[in-house]
Amino acid sequence: MRIIVEEHPNLLDVSELLRPEKKFADKEVSQFRDYSIDENDPLKERVRRTYKLMHTHQTVDFVKGRHEDWLKFDHFRATIREALEKLNDLVDESDPDLDLPNIIHAFQTAERAREEYPEWDWLHLTGLIHDLGKVMAFYGEPQWAVVGDTFPVGCDWGQSIVYREESFVDNVDGKNSKYNTKYGKYQPNCGLERLTMSWGHDEYLYRVLVHNKSTLPPQALNMIRYHSFYPWHSGGDYAHLTTDKDEETKRWVLLFNRYDLYTKCTKIPDLEALWPYYQSLIDKYIPGEIEW
């Protein structure tokens, strides 16, 4: 399926985005995001432990504290390439689909987006940098506060959140009457922008790009900010908190999800051969040394 759109258009017919074509994956689509529990499988156990820690500690107060720390943008200064190269040493402990350095996944995502939409260079760059917020893991942040699916804090947890039934039992917000109801601290249909998301690489990179005045279009910034919000964009949760405007955002996020999720494989791109093209996009949209 190819969606014909103008430069920064509205995506109108996207029903097939929830059923990606097999050409986007080197295995059956049903085999992705397998969060089944198997104590004899070290990878599955690593993933389950990461989510248990995340779902225990991601509270309203925790997220507030992370904002106070990270949104000063005073942890380090680096170019986009320098930050990306740190991902050579990061394996995402929440990912059941890939056990390779995260920079490999970055180029896989970018190249598949480039293949389908060669005219949208901003989409190619979005694919390359979408996980770049994971650099927090090199500056003292535990992986459970960096990686994995995101969700709003301050209200009841969506039914489609992975490991929901077992992993939130020790989260103190679940015992707080201000936060443990359907709407919690929010108003009905308040919109995505009013939600306080669990802290992780999505929100952090979005804030970094805005702070450093990146010229990526709004669609790109929303793809980055919400690409891990699976309970919303793929699970059908949180419709009581979103707006009609957010449905347009969802369409873009689902388009991006085709490249983010379904390109994960063991085939490694030639990173050195690809760097000149992607450096030209970095220079265009996020040049120079930036504040993190």
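Colleague: At what angle do helix α5 and α10 pack, and how far apart are their axes?

Modeller: The model is predicted. In it, α5 (residues 121-129) and α10 pack at an angle of about 65°, and their axes lie 11 Å apart. The crossing of the two helices is right-handed.

Colleague: Which residues of α5 and α10 meet at this crossing?

Modeller: From α5 come W122, L123, T126 and G127, and their partners in α10 are W252, F256 and Y259. Sorted by class, the contact holds five nonpolar and two polar residues, with no charged residues.

Colleague: How does the span of α10 stand against the expected value, and how many of its residues are buried?

Modeller: Helix α10 covers residues 244-260, 17 residues in total. From its first C-alpha to its last it reaches 24 Å, close to the 24 Å expected at 1.5 Å a residue. The helix is mostly covered, with 13 of its 17 residues buried.

Colleague: Are R258 and E116 buried or exposed?

Modeller: The cut-off for buried is under 20% relative accessible area. R258 has 2% relative accessibility and therefore counts as buried. E116 has a relative accessible area of 8%, so E116 is buried.

Colleague: How many salt bridges does a search of the whole structure find?

Modeller: The search finds 19. One of them joins the side chains of D170 and K52, at 3.2 Å from N to O. That pair also links distant parts of the chain: D170 sits in the loop between α6 (164-167) and α7 (201-211), and K52 in helix α1 (residues 42-57), 118 residues apart. D170 is partly exposed at 47% relative accessible area, and K52 is partly exposed at 24%.

Colleague: Where in the chain do E85 and R81 lie, and how far apart are they?

Modeller: Both lie in helix α3 (residues 80-86); because they are four residues apart, about one helical turn separates them. E85 is partly exposed at 32%, and R81 is partly exposed at 25%.

Colleague: Which residues are linked in a network of salt bridges?

Modeller: The network links E45, R48 and E166.

Technical notes:
Residues are numbered from 1 along each chain as its sequence is written. This is a predicted model: local features need pLDDT of at least 70, side-chain atom pairs count only at pLDDT 80 or more; totals for chains, interfaces and linings use all residues. Side-chain values use heavy atoms; hydrogens and water are left out. The expected span of a helix is 1.5 Å times one less than its number of residues. Buried means under 20% relative accessible area, exposed over 50%, partly exposed in between (1.4 Å probe, protein chains only). Axes are lines fitted to C-alpha atoms, for helices over the stretch in contact, and angles run from 0 to 180 degrees between N-to-C directions. A crossing is left-handed if the near helix is turned anticlockwise from the far one by less than a right angle, and right-handed if clockwise. Contact means heavy atoms within 4.5 Å. Ala, Val, Leu, Ile, Met, Phe, Trp, Tyr, Cys and Pro count as nonpolar, Asp, Glu, Lys and Arg as charged, and the others, Gly among them, as polar. A salt bridge is a side-chain nitrogen of Lys or Arg within 4 Å of a carboxyl oxygen of Asp or Glu.
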